[in-house]
Amino acid sequence: MALEVTLIDHARDPLAKLYGAYRTCYTPKTPREVWSEIGEGRITAAQIREFIQERLKTGHASPLEQVVFWFGLSGVSRSLSHQLVRHRIGISFEQQSQRYVKYKEDRLEYVTPKTWARNGLAAEYDALMAEVTRVYQLALAKGVPAEDARFVLPNATPTNFQIMVNFAELLHIADLRLCWRAQWEIRHMVALMRREVTKAVPELGAYLQPKCGDRRTGYCDEPFQDWERCPIGKRRPHKDQIFELFRKHQAGNLEPLTEEDLRRVEDEGQE
Ligand SMILES: Cc1cc2nc3c(=O)[nH]c(=O)nc-3n(C[C@H](O)[C@H](O)[C@H](O)COP(=O)(O)OP(=O)(O)OC[C@H]3O[C@@H](n4cnc5c(N)ncnc54)[C@H](O)[C@@H]3O)c2cc1C
């Protein structure tokens, strides 16, 4: 079953909303004056973009809560949904009910991780899902209510959401769930959310990165062994390396450059 992400909508004029929110903090002008400048074009779109980009480099994140996105998410497993609903601030969920929706045979396409086939267990997986489907449907046919029949449904059962999430929380979700340490399915879903936001509002989509991204913290704070295994680990420093460098710098024992190093620079400078 294919995982689908739809960007249903987002706050109208998100960049202007952010500009207004930030500007209100830093100007003696009233919001009415700020918004007149925006409305009358006295502040250009380029100025708005530039102003926001500067603010996004800072830790002043609360204005980002004033821009919201609505997504439709479908074909995700109940394993994913358990993880997604752990996010509790700045996000609101509506999820398909297993009490009111009875899964019909053609809608019982379970989510199948590739690792089952890779490890030669595709047939066992499919057979177990078929047996679950049979027992679930037998239970419904015999009069077991859907809210009780669902007790046999596995984590692989697909589910759908409509969610509303503000940009501050979306950044936080991307920090955690685009990280290579996150589980593959939620990582894939958040990557698709990022893609949709980037298409609609590229200025904001560019900031949806794993927490080690150059527009986020810029370093990895996961266990060192995981950093070593991460496919993008070598492109980002690990926090232990940064602290080590800082300690050496403070102690004044940063390894000095040798004549050999300097000769190498000279050599590389020659065409
Ligand atoms: C790689 C990975 C592995 C995980 N493994 C497990 C696991 O084994 N078991 C498990 O139970 N969970 C696990 N989780 C889920 C994790 O513990 C969190 O529940 C999940 O990441 C969402 O929590 P959040 O604090 O980011 O919530 P959000 O609601 O997204 O938080 C948003 C922000 O608000 C802050 N915040 C939210 N509520 C409060 C509060 N009450 N007080 C102060 N600050 C608050 C958060 O710190 C965060 O900065 C895992 C998550 C990841 C990414």
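**A colleague's note on helix packing, core and ligand shell**

1. Let's start with α1 and α3, whose axes come within 9 Å and cross at roughly 60 degrees. Axes here are lines fitted to C-alpha atoms, for helices over the stretch in contact, with angles running from 0 to 180 degrees between N-to-C directions. Helices (H or I, at least four residues) and strands (E, at least two) are DSSP runs, numbered from the N terminus. Please keep in mind that this is a predicted model, in which local features need pLDDT of at least 70 and side-chain atom pairs count only at pLDDT 80 or more, while totals for chains, interfaces and linings use all residues. Residue numbers begin from 1 along each chain as its sequence is written.

2. The crossing of α1 past α3 is left-handed, meaning that the near helix is turned anticlockwise from the far one by less than a right angle (right-handed if clockwise). From α1, the residues Leu15, Ala16, Leu18, Tyr19 and Tyr22 meet Ile48, Arg49, Phe51, Ile52 and Arg55 of α3; contact requires C-beta atoms, placed from the backbone, within 7 Å. This contact divides into eight nonpolar, no polar and two charged residues. In that count Ala, Val, Leu, Ile, Met, Phe, Trp, Tyr, Cys and Pro are nonpolar, Asp, Glu, Lys and Arg are charged, and the others, Gly among them, are polar.

3. Helix α1 (residues 14–26) also packs on α2 (residues 31–39), with axes that come within 10 Å and cross at roughly 140 degrees. Here the crossing is right-handed. Ala16, Tyr19, Gly20, Arg23 and Thr24 of α1 meet Pro31, Val34, Trp35 and Ile38 of α2, giving six nonpolar, two polar and one charged residues.

4. Most residues other than glycine have a negative phi. Asp13 is partly exposed because 14 other C-beta atoms lie within 10 Å; the cut-offs are 20 or more for buried, 12 or fewer for exposed, and partly exposed in between, with C-beta atoms placed from the backbone.

5. Pro63, in the loop between α3 and β2, is buried because it has 21 other C-beta atoms within 10 Å. Leaving out residues up to four places away in sequence, Pro63 touches Leu18, Ala21 and Tyr22. Its C-alpha atom is 9.0 Å from that of Gly20, 43 residues apart along the chain.

6. The largest nonpolar core has 34 residues, of which Leu18, Leu170, Leu171, Ala174, Met189 and Val190 touch the most other members. Such a core is a set of buried Ala, Val, Leu, Ile, Met, Phe, Trp, Tyr and Cys residues joined through C-beta atoms within 7 Å. Two or more residues come from each of α1, α3 (45–56), β2, α4 (78–84), β4, α8 and α9.

7. In α8 (residues 167–177), Phe167, Leu170, Leu171, His172, Ile173, Ala174 and Arg177 are buried. Their cover includes β2 (68–77), β4 (158–166), α9 (184–200) and α10 (202–205).

8. Finally, the ligand is surrounded by Arg86, His87, Arg88, Ile89, Glu169, His172, Leu176, Arg181 and Ala182, counting residues whose C-beta atom, placed from the backbone, lies within 6 Å. By class, this shell has three nonpolar, two polar and four charged residues.

Methods:
Two residues are in contact if their C-beta atoms, placed from the backbone, lie within 7 Å.
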